Amino acid sequence: MKKFMLINSPIFWDSTKEKEQYLSPLGLGYIATYLEKDNIDVEVVDCVKERKSVSDIVSYINKIQPDYIGINIFTQNFDMVKYIVENVNIKCECFIGGQVVKSIYHEILHWKVKNILNIIIGEGEFIIPKIVLGKCTQKAEIQRDSKFVYRVNKDSKYFPKEISDIFLDRKYLSNEIVVNHYGKKEIGIITSRGCAFDCAFCGGAKSLNQDVITRFRTEDSIVTEIQEILSTYPDIQSIRVLDDLFLRCSDSIDMANNIFSQFPQLSWRGMVHVLSLANSSEKIKELKIGRCKELFIGIESGSEAVRKRINKLGSSNDIVKVSQEILQNGIDLKGYFIYGFPNETKDDFKKTFELAKRLKEISLKTNGTFRTSVFQFRPYHGTQLYNEIMKNTGIIHECQFNDSISQFEGRSQFNFDFGNYSMESEDLLNEYIIKTQELTGEE
């Protein structure tokens, strides 16, 4: 039987003992599930969870000698994945995928790879098994030497249109339980694919992905998945919904409550867009009754000028109003913030910090708690801001580790930067990142 090794790519060159915040590679889990359905022997190697270095994974591939390897790639670890694929010494067929591939496949076509390399743009669980079996009827968009580019968009026969019908065999996620910051055993799920928003710093922005439709799972399919999780892990205590669109409107809030009302032993946490609740404020109390423990909001900036430049919908006033109602109803809130957007000024920094500080002060008077997760802006390949920077300067700085902001446990993977694109000094930028993160207290 053919052997396929799927690799959740490393985020550090060297092995690390850092206790990093961790999310299971669900996308690789879906691909593994459908490889198995076609009787292909598959193994998932999670370099992040297993803390494998780049050299570790190259050695492991050469030792195990799989017939096929598949690896995901991100802007942050571009050079690491390139090194891995170029230094595999065995004869095998390689696959590479991930959201960023859509923007960098022309660069990947120049890699010095000894083996066949299939570059997958889009979702891979249907097309990859067919390529392995030699049954793929979709022609490669580009063929250059031994490299092939396949685009899986809404016009492809291998595009997963009905994601409610797609099964995930969680055995491939290798004891995926994490203990969240409440001390509860938790597992993550995804309930949608695609995005309805257009943030200028995100590769998943709607305007950049018009060849992909946004899809939502049915209530029944989500219930079935949670039942399967509880069957496998009876002691699980919390579900984390990892996609941004679970709570997208009033009806979806009703659906969330319907789903979790069937599992009284579970609490849950999830992402939400501020405007989803701004238009459904009366529903927030129902979320609390439905055992929603914590909501995550991508706030990014408290500066209206910056919010407009990054296509962030909703105002700071909307954020304060919605956050206050969340916290007053006893639901905890985590706000994501970004400093260092192109041309951002000290005044913009200050407005963001003041917004975060105000939310913290509100939480001290309510039953809900507020914490922050703070990042330095990083220009990801293919995003609106990346393209603007390249057009204006022609330069994106190399990825470097920012030691100055590395004082919070579990956040090392978030402390890489590609240069400072704001109007202020690195010292001032780091100062605002640190003091906003410190609003949380212990992470």
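Let's start with strand β16 (residues 370-376): seven of its seven residues are buried, so the rest of the structure largely encloses it. Buried here means under 20% relative accessible area, with exposed being over 50% and partly exposed in between (1.4 Å probe, protein chains only). Helices (H or I, at least four residues) and strands (E, at least two) are DSSP runs, numbered from the N terminus. Bear in mind that this is a predicted model, where local features need pLDDT of at least 70 and side-chain atom pairs count only at pLDDT 80 or more, while totals for chains, interfaces and linings use all residues. Residues are numbered from 1 along each chain as its sequence is written, and side-chain values use heavy atoms, leaving out hydrogens and water.

Which way do the β16 side chains point? F370, T372, V374 and Q376 go one way and R371, S373 and F375 the other, and all are buried. In a regular strand, side chains alternate between the two faces of the sheet.

Now step back to the sheet itself. It is an open one of seven strands in the order β8-β9-β12-β13-β14-β15-β16, with mixed pairing. Its edge strands are β8 (178-179) and β16, each pairing on one side only. Two strands pair if DSSP finds at least two bridges between them. For β16 the partner is β15 (residues 332-339), in the parallel sense and over seven bridges; at one of these places Y339 has Q376 as its bridge partner. Moving along, β14 and β15 also run parallel, joined by six bridges, and I297 finds its bridge partner in G335 of β15.

How do you get from β15 to β16? Through helix α12 (residues 346-363), and the three elements make a right-handed β-α-β unit. Right-handed means that, with the strands pointing away from the viewer, the path from the first strand over the helix to the second runs clockwise.

Just after α13, G394 takes a positive phi of about 75°.

Back in the sheet, S238 sits in strand β12 (residues 238-241). With 0% relative accessibility, S238 counts as buried. Its side chain makes a polar contact with that of E186 at 2.8 Å. A polar contact is a pair of N or O atoms within 3.5 Å; within protein, one must be able to donate a hydrogen and the other to accept it, and residues adjacent in sequence count only if both atoms are side-chain atoms.

That leaves the charged pairs. A salt bridge is a side-chain nitrogen of Lys or Arg within 4 Å of a carboxyl oxygen of Asp or Glu, and by this rule there are 25. One of them joins the side chains of D235 and K185 (2.7 Å, N to O). D235 lies in the loop between α6 (219-232) and β12, and K185 in strand β9 (residues 185-189), so the pair ties together parts 50 residues apart in sequence. D235 is partly exposed at 39% relative accessible area, and K185 is partly exposed at 33%. The R170 and E176 side chains form another salt bridge (2.7 Å, N to O), and here both R170 and E176 are buried. Finally, E123, E125, R193 and R215 are linked in a salt-bridge network.
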